[in-house]
Amino acid sequence: MNLSRFILVGLLFWGTGRVNASVNSEDIRLLFEKNGVNSLQEEDISRETPALIRLGKHLFFEKALSGNRNISCATCHHPRFGSGDGLPVSLGTGGLGLGPSRFKSQGHLIPRNAPAAFNLGFASFSTVMWDGRISIDPDTGALKTPEKSLNGENPPAAHIASQLRNIAAVQAMFPVTSNHEMRGAPGENEIADAKGNLEVWRLLTERLVGQQNGNSGGIPKYIRMFRAAYPSVSNLDHINFGHVARAIAAYENYAFRADESPFDEFMMGDDRALTRAQLQGAKLFLQKAQCIRCHSGPHLTDFRFYSIGAPQLGAGKGQEAGEPQGEDRGLALITGNHEDNYKFKTPTLRNVALTGPWTHSGSVHSLYDVIQLHTKPVEFCESYRNDPRQYFYKEYSEDFLSLVDSDYLRFQARMSSVANSPSKISLTRDEINDLVAFLHSLTDKSFYARAEAPSEDEL
Ligand code: HEC
Ligand code: HEC
């Protein structure tokens, strides 16, 4: 054996030995379990009747739920775009087109990225929105929402709140109350002019099922479908928006479930479900890269809030309250506490490969870059601020590029808020690629078949 062959064989042995010694499937499984991560197939999920799911599917794609009848939930949470819209930040009522090619026209820019709607039917999914402003107590079922009459253990609007038994149902109450998302501007329609959320909900319910037990007004298709979906409600006048939201959630929870990923199979004991790179990535996720510190539990989120310093794109939230254009202080806008500046909810990583662009502002356009952001926040954000174009891998309209916040003082404030992030960890290019491979193992595409828009013959 000549010397170079000897070295080659030696290297091969060293290589395989290293992999076998360092990545043991059972050890990885145990480490995940120690951090509350398991296969979603073992978790409780809410299930509703086919009639309710069918009604919900129609409502999810229904533009009559918006003040000006020009936008539906699906516009911003379309199955084709991983239950998001594929845009950095959403375009609300008045925008035109669908998905990444949707454009502004007369439409309103929404301050944040539209998150995906996967797995909200699981009892363990407790909190939604980037700032966590909507949640359900997994033990008592008590709600926390921007509408006081739904909140607490004895809510004043109990007839509505009692229909809202999972986080998707609670959330579905609110897009219709937002002027820019679905309601429209005051003066444009009766929903936008309504006084308060309860009035918005009453008027929209009437649009669907009319009055006098369906004998006056309403939409015939919905009068039929509500009767089928709620057979125990004897008079349609007793239908309220809680029933509407519950149906929308029934569809979301049925359609947007992602519990059959290779990772779920791996956690159920199938050692061959993950590729070698994905296993390496899983190990990094649990150990060196420290992702598990925040992305823990069955949904790979702890439902808590951190600042990782994500670049800001878009006007930001809180301008009615005097926040400057280009600023989004996240959780601090809810708590009023400066320590919460730029904190956002840890997002679930389930199906994350399908839900780009990423972060609360949709400013980061590859999973590789998301990891760079987490581990080298200052370098990444500095370079992004100087030339965001190099990080825009897709063809978005130039409008989005011009929305990147380049203000230096805000950049500094964001960077100094970063705490707890796994910064100062040096990952090689190969390691980052392994982590990305692992994130892909969380993908379950079976929802495409379940989530299809209602077909003409169903109408
Ligand atoms: C104009 C686009 C738009 C429309 C229309 C819209 N959404 Fe959203 N949705 C968003 C954005 C943006 C957010 C995040 C807002 C935030 O966190 O401040 C969001 C958040 C959500 C979330 C929370 C997900 C999570 O994990 O935090 C769910 C669920 C959801 N929307 C469902 C719906 C439903 C159901 C409808 C219809 C009743 C709807 N959306 C209509 C853009 C939209
Ligand atoms: C300190 C807690 C924390 C740690 C540790 C952490 N993350 Fe995150 N992660 C977050 C938060 C918070 C966000 C959302 C920030 C925002 O939108 O501004 C996020 C966003 C993400 C996203 C984008 C998801 C989406 O839907 O937009 C991915 C992917 C991600 N993290 C993966 C990772 C990986 C991989 C690691 C390990 C290298 C990691 N995270 C470590 C808190 C953390």
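Author: What follows is a set of questions about labels, each answered with a value and a cut-off. This is a predicted model, where local features need pLDDT of at least 70 and side-chain atom pairs count only at pLDDT 80 or more, while totals for chains, interfaces and linings use all residues. Residues are numbered from 1 along each chain as its sequence is written, chains are lettered from A and ligands numbered from 1 in the order written, and side-chain values use heavy atoms, without hydrogens and water.

Reader: What makes the arrangement around the iron atom of ligand 2 octahedral?

Author: Six donors count as octahedral if opposite donors are over 155 degrees apart and all others between 65 and 115. Here the 6 donor atoms subtend angles of 85 to 179°, so the arrangement is octahedral.

Reader: Which residues are the protein donors of that iron atom of ligand 2?

Author: They are His295 and His374, each through NE2, at 2.1 Å. A donor is an N, O or S atom within 2.8 Å of the metal (3.2 Å for Na, K and Ca), and water is not among the atoms, so sites may look incomplete. The two histidines are 79 residues apart: His295 sits in the loop between α13 (276–286) and β4 (305–306), His374 in helix α15 (residues 367–375). Helices here are DSSP runs of H or I with at least four residues, and strands are runs of E with at least two.

Reader: What is the protein donor for the iron atom of ligand 1?

Author: His77 is the only one, with its NE2 at 2.1 Å. His77 lies in the loop between α4 (73–76) and β1 (127–128).

Reader: Why is Ala169 called buried?

Author: Buried means under 20% relative accessible area, exposed over 50%, and partly exposed in between (1.4 Å probe, protein chains only). Ala169 has 1%, so it counts as buried. Its place is helix α6 (residues 167–171). Beyond neighbours within four places in sequence, Ala169 touches Leu164, Ala245, Arg246 and Ala249. Contact means heavy atoms within 4.5 Å.

Reader: Why is α15 described as largely enclosed?

Author: Of its 9 residues, 8 are buried, so the rest of the structure largely encloses α15.

Reader: Is Arg69 buried, exposed or partly exposed, and what about Asn351?

Author: Arg69 has a relative accessible area of 47%, so it is partly exposed. Asn351 has 0%, so it is buried. Both have a positive phi without being glycine: near 50° for Arg69 and about 60° for Asn351. Most residues other than glycine have a negative phi, and most peptide bonds are trans. A cis peptide bond joins Gly356 and Pro357, with omega about -5°.

Reader: How many salt bridges are counted between domain 1 and domain 2?

Author: The count is 0. A salt bridge needs a side-chain nitrogen of Lys or Arg within 4 Å of a carboxyl oxygen of Asp or Glu. Domain 1 covers 23–42 + 260–440, domain 2 covers 50–77 + 117–255, with bounds from an automatic or database domain assignment.

Reader: How much area do domain 1 and domain 2 bury between them?

Author: About 1400 Å², with 67% of it on carbon and sulfur atoms. Buried area is the accessible area (1.4 Å probe) that two parts lose on being put together, summed over both.

Terms used:
Tetrahedral: all angles 85-135°; square planar, octahedral: opposite > 155°, others 65-115°.
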